[in-house]
Amino acid sequence: MNALYWLDMRVRVRERRLWVLALFFVAMPLLICGLSLLAAFQGNGVLEPGNAGEMVAMGAIYCQAGLLTLLSPLAAAQRISQEREQRTYAALVNSPLSPAAIARGKLLGAWTFTLWLGALTLPFVAAAALWGGLAPWVPFACFGLNLLAGLALSALALGLSGLFGRSLSAYLASGAVLFLWCLALPMIGGLTLGIVEGGPEATLASTRAIFCAFFLHHPFAPQIWTTMRGSGAVVTFVDWGVWVPLYGVGAWLVLAWLGFRMAVRGLRREVY
């Protein structure tokens, strides 16, 4: 096992403020799921299990997705750059570990944090599955997709941490990537889709091309397809087939690989 990973774990476990974050990560899904239960009551005060299960599942799934999307890259964006700021970087790069081994140790530490955060919300996802409303496989499939999106974002943020010399720069770069990926590209895609569909030459192929370029790789896109398919809702891309979530997952894996390679390149640039 990577020695740097175990060192990073010992340091993180001793941080008392980390448990405050864990409390926040549990409190938010608890609050949202509780409000979802209240919203599922009908006007006569009767609670329909199917409606309650669907509301709780949606709340748990997308609350977890939002928290992992925001916190996972922030937790990884300083893991290499902080070594420079703490003046331990020279000792790290001159150790027997290769740049790839250093990047793997840092990445495993970031991924462990993401998995730990995801495990905190697993009981809410399991409870939502017991209520019904969605197909039983949907909450657990979305749970896995949320984790995978968080892992990919952690790897990408680690790469930015390796390229930038300061934590602030890495944080700003990670925030810019999140803004571009989560907000700017969907907005540009929505405007582009409206222009294309309003024209005389709108085709299914052009619509699919726009969705692939701007929407289907979004950190929430495979989860939206999965929940809509599990609930039977009719959405534009739900009937396109299982390649829709596979396309998004494939894009995440490519970004995770690019992030790791950027981290290795940044470390190798310092060494050589």
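Start with confidence: the chain has a mean pLDDT of 81, and 82% of its residues reach 70 or more. pLDDT is the predictor's confidence in each residue, from 0 to 100. This is a predicted model, in which local features need pLDDT of at least 70, side-chain atom pairs count only at pLDDT 80 or more, and totals for chains, interfaces and linings use all residues. Residues are numbered from 1 along each chain as its sequence is written, and side-chain values use heavy atoms, with hydrogens and water left out.

**Whole chain**

Color by pLDDT. Where pLDDT is low, the predicted coordinates should not be read in detail.

Switch to cartoon. The chain has eleven helices and zero strands. Both are DSSP runs, numbered from the N terminus: helices are H or I with at least four residues, strands are E with at least two. Read along the sequence, the pattern is α-α-α-α-α-α-α-α-α-α-α.

Now color by accessibility. Of the 272 residues, 48% count as buried. Buried means under 20% relative accessible area, exposed over 50%, and partly exposed in between, with a 1.4 Å probe and protein chains only. Contact means heavy atoms within 4.5 Å. Among contacts between residues at least 6 apart in sequence, 79% join residues at least 24 apart.

**Stop 1: H7 against H10**

Select residues 137-163, helix H7, and residues 221-231, helix H10. Two packed helices are described by the angle between their axes and the distance between the axes. Here the axes come within 9 Å and cross at roughly 180 degrees. That makes H7 roughly antiparallel to H10. The classes are: under 35 degrees roughly parallel, over 145 roughly antiparallel, 65 to 115 roughly perpendicular, and the rest oblique. Axes are lines fitted to C-alpha atoms, for helices over the stretch in contact, and angles run from 0 to 180 degrees between N-to-C directions.

Show side chains at the contact. H7 contributes Trp137, Val138, Ala141, Cys142, Leu145 and Asn146. H10 contributes Pro222, Gln223, Thr226, Thr227 and Gly230. These residues divide into six nonpolar, five polar and no charged. In this scheme Ala, Val, Leu, Ile, Met, Phe, Trp, Tyr, Cys and Pro are nonpolar, Asp, Glu, Lys and Arg are charged, and the others, Gly among them, are polar.

**Stop 2: along H10**

Keep H10 selected. H10 is mostly covered, with eight of its eleven residues buried. They are Ala221, Pro222, Gln223, Trp225, Thr226, Thr227, Met228 and Gly230.

Center on Thr226, in H10. Thr226 counts as buried because its relative accessible area is 3%. Leaving out residues up to four places away in sequence, Thr226 touches Trp137, Val138, Ala141, Cys142 and Leu145.

**Stop 3: Val249**

Move to helix H11 (residues 243-271), where Val249 is found. Val249 has 16% relative accessibility, so it counts as buried. Beyond residues up to four places away in sequence, Val249 touches Leu145, Leu148 and Pro222. Draw a C-alpha distance from Val249 to His217: 7.3 Å in space, 32 residues apart in sequence.

**Stop 4: Ala129**

Select helix H6 (residues 99-131) and find Ala129. Ala129 touches Pro136, Pro139 and Phe140, again not counting residues up to four places away in sequence. Ala129 and Gly53 are 76 residues apart in sequence, and 6.9 Å apart C-alpha to C-alpha.

**Stop 5: Ile32**

Go to helix H2 (residues 17-40), which holds Ile32. Ile32 counts as partly exposed because its relative accessibility is 31%. Ile32 touches Gly59 and Cys63, not counting residues up to four places away in sequence. Met58 is 26 residues from Ile32 along the chain, and their C-alpha atoms are separated by 9.7 Å.

**Last stop: cysteines**

How many disulfides does the structure hold? Zero, with a disulfide taken as a pair of cysteine sulfur atoms within 2.5 Å. Select Cys63, which is buried at 10% relative accessible area. Then select Cys142, which is buried at 0%.
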